[in-house]
Amino acid sequence: MKLTARAFKYGSDINTDYIISGKYKFKSNDMEAMAVHAMEELDPDYYAKVSPEGGFLVAGTNFGMGSSREQAPLVLIHSNTKAVLAKSFARIFYRNAINTGLPVVECDTDLMDEGDELEVDLEAGIVRDLTKGTDIPFPPLPPVMATLLADGGLVEHFKKHGGFAL
Amino acid sequence: MTAPAGKTIAEKILSAHAGTDARAGDIVVADVDFVMGQDGTSPLAIRALERMGVEKVFDPAKVALVIDHSSPSPVEGVSALHTQMREFGKRTGAKIYDVGCGVCHQLIPENGHVVPGDLMVGCDSHTCTYGALNVFSTGVGSTDGAAAMASGKLWFKVPETMRFTLSGQLPAGVFSKDVILHIAGLIGADGATYMALEFDGPAIDAMSVEARMTMSNMAIEVGAKAGLMRADAKTLAWFEGRGTRTPAPVEPDPDAVYAVTHSIDLSELVPQVAKPHSVDNVSPIAEVEGTPIQQGFVGTCTNGRLEDLGIAAGILAGRTVHPDVRFIVAPASKRIYLDAMAAGYIQTLVEAGAAVVTPGCGPCVGTHNGVPSDGENVISTANRNFKGRMGNSNAFVYLGSPATVAASVIEGRITDPRKYFEGGAR
């Protein structure tokens, strides 16, 4: 699967409270409505900028630290975020992203800038920075996670196999 | 031929539950002993189960949903989600802990749902709390929780372990909260990502079970998957009368392989405070002493236990909260509330000026019961101080021990609590 979109770049240690604040997520199960608040603590315009044409959220280390809220990957999906690219991820967010079908790419993001046009090739393990003409390789997903993502997330995996088939 | 190396607590518990010889780095599918969700995460788990076409949980006696994050409900949207949870409980037989019961991470061990040696998952990141009780417990998202509720299984990457050997007697007025804040400052918010922590040593042996839970609770704040301790006589005594299951304590092997080891002498440690807006932004209290505060909070899954309320009451006895400060107290469970009343702590705290709210998570997660105003400073016993965490992005949250909070609400500014402990340890 190849994905193409512009980069929207943020820093390190972005926690799930910043991705979707507790004051919204406890009130509703409506991800479409909540998506307008995605990343609001860091960038109130995130939804307005990303949702029309889609985008990659590019970050530094420890993306998604903090709470276990699955609303975090879900509001990113519903704000038209195609994938998250970061130097490293917090553990629970990483699992939640795969389970809900949001691609996560662990790679060196230092050379990517806001607005760069990127192409992410999940199978080949390469991010192509089309603006700069550089290729940034990344290690493929562990087989268990690749299976879950290929099945369309954990719910679809369970529907297909009637339980874990890993 | 050399014998294979020994195992950490994490490797042993995951091996036993997966039926394989699991080592760090392996991926296993393991049987879980218990699955928990709270009101911020259960509705999505219920939706995932519906989408999976699953109508039953694998064992109703091994699933509980806790209404604690917005409890009692402050708005109708939350009320509807609570109704979904109650209906799920009726439909599947899963246990529902409703309004007033308390915080999930107190209720699950308090009611004997887990025992030493268990593997459990909870749809809440602070599920790592029960590591203090020799339970491999870890936070997962709602879909992982749903898969575990449906099948009684989940897949795990067996973590490497970072071991902390803690020695030295904690000085009077310095507590386990100060120790874990110190560690967060030392290794940082991603210092142990993907790893399990093991805490051991004479300083852990000397701590109460409650004080140990404060430390394991914050394992996630350094990115860890679990914060494990051995079960000793205190742990086993703590479980007496709590449920019917028999503990099966797990010890690490003497030749277990650790990714990282730290040895820390705590005998010179001073009270620690995490400054806004990150848990690893930690400094000795002297650096922030005198910072004005408008609100104090004692409670949460970190520090809302009987011992914590007792420490706060000990400082506030015969004293009063500063007139410019709101002081909010939330016992972590109904049982703790009752025990604190019996001990006289609640009387003391209320007489001093505390507002006691329903056992639950509200103030810590910004849902209700004490949202600060713009520009205000809060000193809290919670585990997180992210921007907006308490419900207002323009407020500033400092984290400290119950003693630090109690001392600070008296003076209206961040205060070193050690002056209340002169003349020896309490």
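Two residues are in contact if their C-beta atoms, placed from the backbone, lie within 7 Å. The views below show a predicted model, in which local features need pLDDT of at least 70, side-chain atom pairs count only at pLDDT 80 or more, and totals for chains, interfaces and linings use all residues. Residues are numbered from 1 along each chain as its sequence is written, and chains are lettered from A and ligands numbered from 1 in the order in which they are written.

**View 1. Surroundings of A:Ser79.** A:Ser79 touches A:Ala35, A:Ala38, A:Tyr46, A:Tyr47, A:Val50 and A:Ser51, residues up to four places away in sequence being left out. Its place is in the loop between helix H5 (71-78) and strand E3 (81-86) of chain A; helices (H or I, at least four residues) and strands (E, at least two) are DSSP runs, numbered from the N terminus. A:Ser79 has 26 other C-beta atoms within 10 Å and is therefore buried (buried: 20 or more other C-beta atoms within 10 Å of the residue's own, placed from the backbone; exposed: 12 or fewer; partly exposed: in between). A:Ser51 lies 28 residues away along the chain, yet its C-alpha atom is separated from that of A:Ser79 by 5.0 Å.

**View 2. The open sheet of chain A.** Seven strands, in the order E4-E3-E2-E1-E5-E6-E7, form an open sheet with mixed pairing in chain A; two strands pair if DSSP finds at least two bridges between them. Strand E4 (104-106) and strand E7 (134-137) of chain A stand at the edges with a single partner strand each, so one side of each has no neighbour in the sheet. Within the sheet, strand E1 (residues 2-9) and strand E5 (residues 117-121) of chain A run antiparallel and are joined by 5 bridges. In this pairing A:Arg6 stands opposite A:Glu117 in E5(A).

**View 3. Strand E3 of chain B and its partners.** From strand E3 (residues 63-66) of chain B, B:Val63 and B:Leu65 point one way and B:Ala64 and B:Val66 the other way, and all are buried. Strand E2 (residues 34-38) of chain B pairs with E3(B) in the parallel sense over 4 bridges, and B:Val35 stands opposite B:Val63. E3(B) also runs parallel to strand E4 (residues 95-97) of chain B, to which 3 bridges join it; here B:Leu65 stands opposite B:Ile96. E2(B), H2(B) and E3(B) make a right-handed β-α-β unit, as do E3(B), H3(B) and E4(B) (right-handed: with the strands pointing away from the viewer, the path from the first strand over the helix to the second runs clockwise).

**View 4. Helix H1 of chain B.** Of the 10 residues of helix H1 (residues 9-18) of chain B, 8 are buried, and the helix is mostly covered. Among the buried residues are B:Ile9, B:Glu11, B:Lys12 and B:His17. B:Gly19, with a positive phi near 70 degrees, follows H1(B).

**View 5. The side of chain B that touches chain A.** The contact involves 48 residues of chain B and 38 residues of chain A. Elements of chain B that give two or more residues to this side include strand E1 (27-31), helix H2 (42-52) and helix H3 (76-92). By class, the side of chain B has 18 nonpolar, 20 polar and 10 charged residues (nonpolar: Ala, Val, Leu, Ile, Met, Phe, Trp, Tyr, Cys and Pro; charged: Asp, Glu, Lys and Arg; polar: the others, Gly among them).
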